[in-house]
Amino acid sequence: MDILKSLGHPEEIYNLFRFKLGGSRKVMPKLDYESMTESLRTCYHYLNETSRSFAAVIQALDGELRHAVCIFYLVLRALDTVEDDMTIPLGTKVPLLHNFYTFLNDPEWRFTGSQEKDRKVLEDFPTISLEFRNLGAEYRHVISDICHRMGVGMAEFLEKNVQSMHEWDKYCHYVAGLVGIGLSKLFSASELEDAEVGQDIELANSMGLFLQKTNIIRDYLEDQRDGREFWPEEAWGQFVERHSDFSQPQHLQSALSCLNLLVTDALRHVPHVLKYLSRLRNKSVFNFCAIPQVMAIATLSACYNNPQVFEGVVKIRKGQAVTVMMEATNLSAVCTIISQYTEEIAQKIPQTDPSHNKTLQIVDEIRTVIQSQAPLASRTLHLSPVYLSAAMLLAALSWQYLSTVSEQNASVGDTQGR
């Protein structure tokens with residue numbers, strides 16, 4: 001039960017309670033589906049079906065930017081589905097990836113040969129491409145360009161594993177850095193953000209690399225089971241003969257050393273992340289960009305020096321996720337959150353870890369950047385211990401009550417054929 005997992009973190013219980021009582025609507029406001037075309041409604045349906053992380057923040061964006069980003073996401077989800085599908089022969093897949101951007105202007109094109117779970121976005125691609133063509137020219141140009149460059153980059157890595165740390169950056173650029181660059185250009189095209197946001201390619205690229213590297217680090221075991229290897233050989237080759245050796249108990253110390261090395265490498269993007277966020281002016285764009293980044297550093301903190309990465313799935317608590325999601329709404333709060341998780345990592349650095357000095361160095365760099373920002377806002381609730389205990393108990397009981405009522409209403413709805 002999520003509420004029990006958060007008992008040692010009273011602020012999480014408080015925020016879970018707020019979220020349950022309607023705080024979620026501030027993060028994901030209800031959309032006006034009645035005013036949408038049928039094809040656009042279908043696109044938002046696909047968005048919610050295929051996105052575990054971004055659906056909420058996309059739907060909270062302001063104005064026409066929301067639709068542009070929704071379509072951008074679905075186009076890249078379709079492209080990514082082609083890349084991920086190991087059942088598509090290379091002779092078919094490579095041309096698909098190279099030419100995918102051209103299908104945006106083909107009203108009839110669809111692909112029905114995928115076995116992936118998100119294949120619906122390929123099978124019904126005409127609906128997505130229709131809404132792409134309904135976007136303004138400034139948005140279409142960005143989406144088409146990024147789709148083209150990403151498809152070419154994905155094809156490059158189809159037949160080779162990532163070897164060097166440089167290639168790791170390159171691969172992450174193709175699959176995520178380009179997303180950050182494209183989004184930044186969409187922000188500027190919408191005029192919700194200044195032109196420099198879309199022009200600073202280096203910062204935008206770092207936004208994507210930080211998220212992608214976090215996912216690759218966290219998903220070691222899942223990727224191994226799927227026959228994929230994304231950790232760079234330059235890193236894992238320092239410790240074992242085969243990438244898969246890390247899942248064996250006798251190689252645990254080597255596995256942790258490599259894990260910590262890669263977390264350290266991911267952390268070097270955090271100063272760029274903070275600089276990028278400091279330039280944003282629109283609240284919905286800021287939330288859209290900041291929430292995934294603070295989720296990422298919370299995940300990195302959970303993964304750092306954690307054997308569970310090689311044994312199962314490392315997840316942050318639901319209360320933890322809700323807390324950072326609800327609070328990452330301004331630069332000061334984001335700095336505080338990032339500072340918190342950076343310090344958690346710093347306190348877990350083993351003295352004998354091969355990356356010990358390098359990790360401390362990047363931690364110090366992050367501290368310096370944070371100190372240069374506005375004074376940090378406290379995330380701690382200033383409540384007396386007695387009041388806080390009572391509030392925790394009330395929140396826990398109320399959460400259980402609301403969950404029970406919700407389940408009972410759902411059961412009634414089922415019996416009435418709703």
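Predicted model: local features only at pLDDT ≥ 70, side-chain atom pairs only at ≥ 80, totals over all residues.
**Stop 1: H6 against H9**

Select helix H6, residues 90–99, and helix H9, residues 137–156. Their axes lie 7 Å apart and pack at an angle of about 155°. The cut-off for roughly antiparallel is over 145 degrees, and H6 and H9 are therefore roughly antiparallel to each other. Now show side chains. From H6, pick Val94, Leu97 and His98. They meet His148, Gly151, Val152, Met154 and Ala155 of H9. Colour this contact by residue type: five residues are nonpolar, three are polar and none is charged.

**Stop 2: H12 against H17**

Move to helix H12, residues 201–218. The axes of H12 and H17 come within 10 Å and cross at roughly 35°. The crossing is left-handed. On the H12 side, select Met207, Phe210, Leu211, Thr214, Ile217 and Arg218. On the H17 side, select Cys289, Pro292, Gln293, Ala296, Ile297, Thr299, Leu300 and Cys303. The residues of this contact divide into 10 nonpolar, three polar and one charged.

**Stop 3: Asn287**

Is Asn287 buried or exposed? Its relative accessibility is 15%, so Asn287 counts as buried, the limit being under 20%. Leaving aside neighbours within four places in sequence, Asn287 is in contact with Val57, Pro292, Ala328 and Thr329. Pro292 also takes part in the contact of H17 with H12.

**Stop 4: Asn305**

Next, go to the loop between H17 and helix H18 (318–327) and select Asn305. Its phi is near 55°, a positive value in a residue other than glycine. Most residues other than glycine have a negative phi. Asn305 is partly exposed, with a relative accessible area of 24%.

**Stop 5: Glu191**

Select Glu191, in the loop between H10 and helix H11 (195–199). Glu191 is not a glycine, yet its phi is positive, about 70°. At 70% relative accessibility, Glu191 counts as exposed.

**Stop 6: Met165**

Finish on H10, residues 165–189, and select Met165. Met165 is buried, at 18% relative accessible area. Which residues does Met165 touch, not counting those up to four places away in sequence? They are Pro232, Glu234, Ala235, Leu261, Leu262 and Asp265. Draw a distance between the C-alpha atoms of Met165 and Asp265: it reads 9.0 Å. Along the chain, Met165 and Asp265 are 100 residues apart.

How values were computed. Residues numbered from 1 in each chain as written. Heavy atoms only, no water. Buried < 20%, exposed > 50% of the residue type's maximum accessible area, 1.4 Å probe, protein only. Contact = heavy atoms within 4.5 Å. Helix = DSSP H or I, 4+ residues; strand = E, 2+ residues; numbered from the N terminus. Axes fitted to C-alpha atoms, helices over the stretch in contact; angles between N-to-C directions. Parallel < 35°, antiparallel > 145°, perpendicular 65-115°, else oblique. Nonpolar A, V, L, I, M, F, W, Y, C, P; charged D, E, K, R; others polar. Left-handed = near helix turned anticlockwise from the far one by under 90°.
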